[in-house]
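Here is a short briefing to read alongside the coordinates. Have the viewer open and follow along topic by topic.

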Amino acid sequence: MSFSDPSPLSAAPGASVRAVHDEFHGDLLEVSMGPHHPSTHGVFRMMVTLDGETVVKLKPVFGYLHRNHEKIGENTSYLGSMPYTDRLDYLCSMTNNWAYALAVEKLAGQAVPERAEYLRVILAELTRLLNHTCLAGFLLQDCGASGTPLMYAFREREKILDLFESLSGSRMMCNYQRFGGCRVDAPAGWLDAARALTDGYGSFLDEYEALLTGNEILMARTQGIGCLSAKLAVSAGVTGPLLRAAGVAYDLRKVDGYGFYPRFDFRVPLGAHGDTYDRYMVRVLEMRESIRILQQALRDIPAGPIMDPKAKLRGFRPKPGEVYSRIEGPKGEIGFHLISEGGPNPYRYRVRPPSLINLTILEDLCLGHSIADAVVILGSIDIVLGEVDR
Amino acid sequence: METPDQIRDRLLSRFPGAAVSLISNPGPAAQHSLLLDAADARAIATFLRDDPGLQLDFCSNVTGVDWPDREIVETTRTSTPDPAGGPAKVVEQKTKRLQPGCLEVVYHLYSVALLHGPVVLRLRTGNRSDQVSLPSLTPVWRACEFQEREVFDLFGVVFEGHPDLRRILMWDGFKDHPMRKDYVEPDDYEWEPTPHGDVLAKAKRHYPTPAPAVVKEEPKP
Amino acid sequence: MSEPAPSSPPTLTDAERAELRRQGILLTSMEELYNWGRSHSVWPLQFGLACCAIEMIAASMARFDIARFGSEVFRPSPRQADLLIVSGTVTKKMTPQVVRLWNQMPEPKYCIAMGACAISGGPFKQGYNVLKGIDRFIPVDIYIPGCPPRPEALLHGLMQLQEKIRGQKISGPGAPRHLQADTTCEYPVPDFGEHDLVPPQNPAVWQPPVIVRKEGA
């Protein structure tokens, strides 16, 4: 089979659809989906070659939100990059903060007090709830359930954002972690509010699942669609719920045991088929486990300082060295690779973006499926463009 | 897991003649790395992936690093013993040496099967201008596909054997490699109310201080 | 926020109007009716760029409920939209697409620059691939500061836009762009150059601000 290579940017500007003649298969259709498309989760673009409605080739095109995070990170101080990490994966600012703070703490050999570690776990799990809830809403939006599940998801999201706002002062861009602890302590009544939210979240999930999990349309659209094998997933560097939906038990909270995760009792849900439905189900089950972690953490959180007294905020210059550090973000392994030359700025500041690397397998998942399924598969991969392009 | 020393020794016995050296990391993280020669990098990478003791099946992260040419000042002390038996004469000599720059690619490897890591590999190009080719490790780990494209785009390292080496973040006609340290970005700043450093210099260039207006005094009638 | 435009001079006093309305007579001017209708059915384009898009979605959800202002109909096609909400960082790679979308929207059309990035590049101003404000290429009606602006701020911006629409004349020299026959509705789309966009800005829309600085400042 031969067809002309889709060269995305040299195509005639404005022409988003053109026919490619192929003597064996009739006319193949080359479609440019994105960067402005309602279901590409932002400004993602894919060049799709279609035989009828079937995808025969799919090449993602990136860079429409490349806002030079790494270059700016090399020209600003270590602490100055913290607010920029909020804007990487803008749904999950707390886990981005934690990943970066942990990397710098490893680079400088900085300890963190116990209460701060508990707060970090609580915030990370709240972020996971927020992300997975919104993902299910967006996935259903991509299936054509216009509005309703997303309305439920955003209702719960607002409750979690209220917690973040009362803690950090900002709804989305929290900028909360510091090297050696957290910026401010939880205000009075905050932990009680978090407990109330955690206790009520289970019943919300019951309601949500009653709508979705057994839904015939959802099952028809997702079961057996976009199957990912464990071998390909590991080789392609896929991480997070996608990897676990493919049946690979690799959760950094268990493997690396960073923070205080070894203290908590939780299970790692695994998928059996690796299809889109498994990816949805693994996230729902992960939310249930997150609630368990939250209940334990909110029960055990000790009083005490939230910043290490030896932590240095002004004039922070780590000794020359290098570190790669990673945590389990809601979308997968988010890592930071920092090289210090002893100056106030990192010499090299690199973000390992889970969303970008998870997209490696997009073409493999979509081949042979219809174009409508490609949208659903993309929705189940869970990308945020701020992180894909940085 | 084996220490990087042991891995290096095992690699040297398995690949005699290959250049593998250990680069130590002075920081508290102590993630030491292995510097490989470009010629046998892919064979070594395949070995690391398939070796039953290591099984580094997961390439987590690929980073490009730019090291420009640097001038290094070395101080050498030579002491000449005094023939008369007095204290030795110490002469300090400072020599300047130009350390040639290179582009470096760093791979962080983990094992999903054995749950260990990281093993850090480094590859270096010959220089920063015309010898910028390195073997692609995408045939070994597919996870490198987009990340190597990114290093090609932002640093200009050409990966030989990459299935689809195109620019990934910038557009195709773009000529520069913006993450290099000597990249000059387009000058489209605006004046800022509290400028400092580079921004102030740019602002002054854009909006030069106007020459004091010369007001002619008209003779009073 | 832009300044609220002056409203048209009333032809009747409020008391007279109320009296007429009580007797079943509704008196209004063509201009007022036209602007009233338009200002309460501003359909935005379903177009998210970055972080601010999430807050835009939040504004359309149950808690903030943009439907109260008649703007809940997010259209996927620019041909059916009245309002372009530039919600997030516009990169140089994205700029031609944004300008093209703006050109594809039919007049009358309005543009809201939502968030610091769309106004000036915001925190990413130093980026080599970041456009320093969408107003370098297309005219912007409302600027909403914030990073990201809260949904309430977006609603306030929308109310300001409605205020602006209500104050527009439908004839005469003060008439808006879409009612003047000789003004352009198409804006040139920049090309990708070797180092930057070509041209880096549209001089017909945006000129660098003239800043007079004191000696030694």
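In this predicted model, 41% of the 217 residues of chain C count as buried. Residues 24 or more positions apart make up 79% of the contacts in chain C that have a separation of 6 or more.

**Chain C**
- You will find 6 helices and 5 strands in chain C.
- Starting at the N terminus, the order of elements in chain C is α-α-α-β-α-β-α-β-α-β-β.
- The C-alpha trace of chain C spans about 70 × 40 × 40 Å along its principal axes.

**Where chain A meets chain B**
- The contact involves 36 residues of chain A and 29 residues of chain B.
- On the chain A side, at least two residues each come from helices H1 (69–74), H3 (93–108), H8 (230–235) and H12 (354–358), and likewise from strands S7 (321–329), S8 (332–340) and S9 (348–352).
- By residue class, the side of chain A that touches chain B has 14 nonpolar, 11 polar and 11 charged residues.

**A three-stranded sheet in chain A**
- Strands S7, S8 and S9 of chain A form an open sheet in the order S7-S8-S9, with antiparallel pairing.
- S7 and S9 of chain A each have a single partner strand, so one side of each has no neighbour in the sheet.
- Neighbouring strands of this sheet are turned by 10° against each other on average, direction ignored.
- S8(A) and S9(A) pair in the antiparallel sense over 5 bridges, and Phe336(A) has Val351(A) in S9(A) as its bridge partner.
- Helix H3(A) lies across S7 and S8 of chain A, at about 150° to S7(A).

Methods. Residues are numbered from 1 along each chain as its sequence is written. Chains are lettered from A and ligands numbered from 1 in the order in which they are written. This is a predicted model: local features need pLDDT of at least 70, side-chain atom pairs count only at pLDDT 80 or more; totals for chains, interfaces and linings use all residues. Two residues are in contact if their C-beta atoms, placed from the backbone, lie within 7 Å. Helices (H or I, at least four residues) and strands (E, at least two) are DSSP runs, numbered from the N terminus. Ala, Val, Leu, Ile, Met, Phe, Trp, Tyr, Cys and Pro count as nonpolar, Asp, Glu, Lys and Arg as charged, and the others, Gly among them, as polar. Two strands pair if DSSP finds at least two bridges between them. Axes are lines fitted to C-alpha atoms, for helices over the stretch in contact, and angles run from 0 to 180 degrees between N-to-C directions. A residue is buried if 20 or more other C-beta atoms lie within 10 Å of its own, exposed if 12 or fewer, and partly exposed in between; C-beta atoms are placed from the backbone.
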